[in-house]
Protein chains: 2
Amino acid sequence: MTELPLTYTTEPRPLSAALCDATGHLSMASLETRLIVAATRHADLLGVGYRELAAKGLAWVLSRMSIEMTAMPGILDVFSITTWVESFNRHLSYRNFAIHGADGTPIGFARSLWACIDINLRRTSELGSVPGCETALECPIAPIQRVAAPGPDAEVLPAGFTYSDLDFNRHVNSARYLERIADALGLDWHDSHRITRLDIAYLHETLPSTPAVLRIGRTDDAVTAEFADAESGTALCRARLAVERR
Amino acid sequence: MTELPLTYTTEPRPLSAALCDATGHLSMASLETRLIVAATRHADLLGVGYRELAAKGLAWVLSRMSIEMTAMPGILDVFSITTWVESFNRHLSYRNFAIHGADGTPIGFARSLWACIDINLRRTSELGSVPGCETALECPIAPIQRVAAPGPDAEVLPAGFTYSDLDFNRHVNSARYLERIADALGLDWHDSHRITRLDIAYLHETLPSTPAVLRIGRTDDAVTAEFADAESGTALCRARLAVERR
């Protein structure tokens, strides 16, 4: 019997200039996408990936993500992503990540929580039997945090979503929320601030028909954001960015 | 003396579900990004990449791209991209691409034209001496086409750009124009249409301060689009999509 690959590491590669943001670095949204792609690939290798779940009418959806970076890769910086499962049951998977620089030094870590949903019923479901794939590697960042809503003085922006914002589950792609928050902050903000920690909670799926608004609050050391259904007021996604001046 | 790598091929990999659009396929914008990343990596290997050009105050900018796909990769489909230089001088590079499926059969081809610009002067510049890196491989699609403006009955949409739309050159990322066009067409259009050929011309760079509009014209078998400066009327980018019903 073949042993399960308990960790999955991407090949260390230089960050293409073509994938950098205006500051010459990987954006937090692009990093989150890469973490999700690594997680998705590892799930494929563990036999609990897209193909196996789709055959049962199921899919993984990202519920929460926390990322801390001491440095964000810049143009042509070599880095790799290692991911592993901290715990796993029939409904949920806690999955962690380490991001390593060219010399093998960690430049960041991430934690994530995934839920198994029934694609047709659009609610949490059961995966059935699961392989024993938990592994204990160090992930020295604080656990996933509860994310509070922005205060009453938050800025309110319209936030409609369409084709490019959707993933294969036909709801808003996890990283697109981060892009919209980053866009609301604007280029000058990114030139003068660095995100040191992100906590993001995906509370309800956003469909392209959802009339969403984005509320943003800013202080010197943090940004809080909430996407909500403009009609019902239901919170769809909340994020908190801990930031420092560049 | 080490021989120059005259072609560059990405490792064949399954397309992550996490990178697919709502139809379960790679989007044309994501494909264009992958072609650009492969081109950028090949330029790095040829010694005319970001690092060498930046040291001279220069950068490559994509001027035109034409893509024809007989099939777009779907979830977990394995594919690779091969790129090579068709011709090359001190100002310009014609670069082609072949996209191969899992069994090595071509599923599409692309042609591109790149200009070397002076980053500070924001205009075409000279690269200086260039390596002999032209190679003649088959690229059996029609040459890059002139792209006409949409007719007077085109739909007109606002098209502001901000942080996530910019690349390291601090102008609008090539693929973002395609995303905006795709978004203007909407999800129902993508469910019922397939793009068989794209011709896109990047005519002037779009800065985040540019007050842009997008004009779109549609017929049964084509979409034409133009981004223009809303104040001066200058055309910034034009595209033509040849389409068929799914």
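Predicted model: local features only at pLDDT ≥ 70, side-chain atom pairs only at ≥ 80, totals over all residues.
Student: Let's start inside one chain. How do you know that chain A has domain 1 and domain 2?

Tutor: The domain assignment of chain A gives them, with domain 1 covering 1-140 and domain 2 covering 145-246. Taken over C-alpha atoms, the centres of domain 1 and domain 2 of chain A are 21 Å apart. Their contact draws 23 residues from domain 1 of chain A and 25 residues from domain 2 of chain A.

Student: How much area do domain 1 and domain 2 of chain A bury between them, and what share of it is on carbon and sulfur atoms?

Tutor: About 1,900 Å², with 51% of it on carbon and sulfur atoms. On the domain 1 side of chain A, the residues that lose the most area to domain 2 are Met28(A), Arg64(A) and Arg122(A), which together account for 25% of what that side buries.

Student: Which elements of chain A supply at least two residues of the side of domain 1 that touches domain 2?

Tutor: Helix 1 (28-46) and strand 3 (58-69) of chain A do. Strand 3 of chain A brings the largest share, eleven residues. By class, that side of domain 1 divides into 13 nonpolar, six polar and four charged residues.

Student: Now to the pair of chains. Why is the relation of chain A and chain B called a two-fold axis?

Tutor: Chain A superposes on chain B by a rotation of 180° with 0.0 Å of shift along the axis, at an RMSD of 0.0 Å. That is the relation of a two-fold axis. Among the residues of chain A, Glu11(A) comes closest to the rotation axis, its C-alpha being at 5.5 Å.

Student: How do you know that the same surface serves both copies?

Tutor: Look at the contact residues: 100% of those of chain A recur in chain B. In the contact, 40 residues of chain A meet 41 residues of chain B.

Student: How much area do chain A and chain B bury between them?

Tutor: About 3,500 Å², of which 59% is on carbon and sulfur atoms. In chain A, Leu76(A), Tyr163(A) and Arg170(A) lose the most area to chain B, together 21% of what that side buries.

Student: What makes Arg176(A) and Glu179(B) a salt bridge?

Tutor: The closest N and O atoms of Arg176(A) and Glu179(B) are 3.0 Å apart, and the limit is 4 Å. The pair therefore meets the rule. Across the interface of chain A and chain B the rule finds six salt bridges, and it also finds ten residue pairs in polar contact.

Student: Which element of chain A gives the most to the side that touches chain B?

Tutor: Helix 1 of chain A, with six residues. Elements that give two or more residues to that side also include strand 2 (13-14) and helix 3 (174-185) of chain A. By class, the side of chain A that touches chain B has 18 nonpolar, ten polar and twelve charged residues.

Technical notes: Residues numbered from 1 in each chain as written. Chains lettered and ligands numbered in written order. Heavy atoms only, no water. Domains from an automatic or database assignment. Contact = heavy atoms within 4.5 Å. Buried area = accessible area lost by both parts, 1.4 Å probe. Helix = DSSP H or I, 4+ residues; strand = E, 2+ residues; numbered from the N terminus. Nonpolar A, V, L, I, M, F, W, Y, C, P; charged D, E, K, R; others polar. Least-squares fit on C-alpha atoms with pLDDT ≥ 70 in both. Salt bridge = Lys/Arg side-chain N within 4 Å of Asp/Glu carboxyl O. Polar contact = N/O pair within 3.5 Å; in protein donor to acceptor, adjacent residues only side chain to side chain.
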